[in-house]
Amino acid sequence: MKLSVIAGAGLAWLADSSALTQDSVKPLRILILGGTGFTGPFQVSYALSRGHRVTVFNRGKTHPGELPKEAEQLIGDRNGELDALKGRQWDVVIDIPTTLPVWVRDVAQILQGNVERYVFISTTSVYSDNSRPGMDESGPLAKYQGADPMKETQASMRTSRVPLYAPLKVVSEREAEKWFPGKTTIIRPGLIVGPGDETDRFTYWPVRIDRGGEVLAPGKPSDPVQFIDARDLAEWTIRMAENRETGIYNATGPAKPLEIGQMLDEIKDALNSNAAFTWLPAEFLQQQKVEAWSDMPVWAGDELGLARTKISRALAKGLTFRPLAETARDTLAWFKSLPQDRQSKLHAGLTPEREAEVLAAWKKQKAVSS
């Protein structure tokens with residue numbers, strides 16, 4: 001995956017959005033921990049376009065040399081190799097990739113007193129009950145029930161018998177607040193989508209709809225969905241840093257409730273596709289062992305909390321969203337730029353063979369019942 005390809009999908013966005021406010025923005029010294037994954041390159045490019053001085057700290061192993069040359073590169077590792085951060089000062093740090101509380105603690109011990117504010121990118125997965133729609137930032141959080149969160153590692157997260165991702169994100173949030181009291185911004189994104197997303201958790205739909213024909217659609221057209229384009233999240237994160245905002249914010253979208261039927265129709269229209277949707281009930285999909293999220297991306301199934309998270313606080317602080325059609329077209333263009341072997345192996349959604357099998361089973365059941 002080339003960052004130049006991803007950036008190409010967002011060049012117009014960068015030009016349009018920066019031109020409006022660049023003259024009024026006070027340049028900041030921004031440290032981005034990470035910066036080469038999914039959302040990071042958009043943050044870096046957007047911050048540079050608005051006149052900020054950007055430093056990225058990472059291992060230098062993901063897409064080396066592909067960030068803009070204007071960004072300063074510091075090499076290190078969150079697992080103890082932090083010397084490059086010592087003796088430096090920044091106005092704000094944006095912590096993108098953290099999954100372990102010890103990463104927050106160790107970097108905070110160096111940066112405390114050397115940065116004004118700490119922006120921590122968390123997740124809406126921190127809430128303990130995903131079945132409850134309308135969850136705001138005060139909702140109950142997942143609880144860590146292990147022996148010592150500071151001793152957890154990436155390996156222990158992978159091998160644990162109980163899910164650790166959400167509980168450790170909660171502990172990481174609190175660790176950031178502990179070291180930077182009153183100076184912390186916690187952003188909890190929902191499903192992040194758009195060009196550059198290697199999980200294909202949204203990409204499946206533009207790719208599948210572009211192929212056309214009969215398309216298996218999950219549940220009811222009225223089922224709710226939520227997600228946010230990585231570029232919208234990146235822009236808003238930088239603006240929150242510029243405005244010196246603090247507090248906790250859910251960050252997903254769109255601004256108004258969106259149903260999956262509308263989502264699929266808008267993608268179809270954006271791509272000028274001849275796709276025809278066949279809606280299969282959730283109960284039948286469960287019988288066929290077709291799962292929400294993994295097999296049917298974006299669709300939350302019965303976990304309505306993942307599709308109706310309250311975002312009024314973020315909207316009040318200027319969170320905005322590009323049209324779904326733009327996200328769909330740009331995502332498809334990015335995917336088609338990938339090597340052919342990658343295009344043949346989507347990381348989420350049903351294979352064509354499995355989709356045809358489930359559709360055939362549905363038609364057979366309807367024929368028998370009639």
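Reply: The following account begins with the pair of helices and then turns to the neighbouring sheet.

The model is predicted, so local features need pLDDT of at least 70 and side-chain atom pairs count only at pLDDT 80 or more, while totals for chains, interfaces and linings use all residues. Residues are numbered from 1 along each chain as its sequence is written, and side-chain values use heavy atoms, leaving out hydrogens and water.

Two packed helices are described by the angle between their axes and the distance between the axes. Here, helix α2 (residues 40-49) packs against helix α7 (residues 230-242) at about 50 degrees, and their axes are 9 Å apart. That angle makes α2 oblique to α7; angles under 35 degrees count as roughly parallel, over 145 as roughly antiparallel, 65 to 115 as roughly perpendicular, and the rest as oblique. Axes are lines fitted to C-alpha atoms, for helices over the stretch in contact, and angles run from 0 to 180 degrees between N-to-C directions. Helices (H or I, at least four residues) and strands (E, at least two) are DSSP runs, numbered from the N terminus.

From α2, the contact (heavy atoms within 4.5 Å) involves Phe42, Gln43, Tyr46 and Ala47. From α7, it involves Ala230, Arg231, Ala234, Glu235, Thr237, Ile238 and Arg239. These residues comprise 6 nonpolar, 2 polar and 3 charged. Ala, Val, Leu, Ile, Met, Phe, Trp, Tyr, Cys and Pro count as nonpolar, Asp, Glu, Lys and Arg as charged, and the others, Gly among them, as polar.

Ser45 also belongs to helix α2. Its relative accessibility is 18%, so Ser45 counts as buried (under 20% relative accessible area; exposed is over 50%, partly exposed in between, with a 1.4 Å probe and protein chains only).

Helix α7 also lies across strands β7 and β9, running at about 60 degrees to β9. The open sheet has 3 strands in the order β7-β9-β11, with mixed pairing; two strands pair if DSSP finds at least two bridges between them. Because β7 (192-193) and β11 (253-259) stand at the edges with a single partner strand each, one side of each is left without a neighbour in the sheet. Strand β9 (residues 224-229) runs antiparallel to β11, joined by 3 bridges. Phe227 has Gly253 in β11 as its bridge partner. Helix α8 (residues 260-271) packs on this sheet too, touching β9 and β11, and its direction makes about 105 degrees with that of β11.
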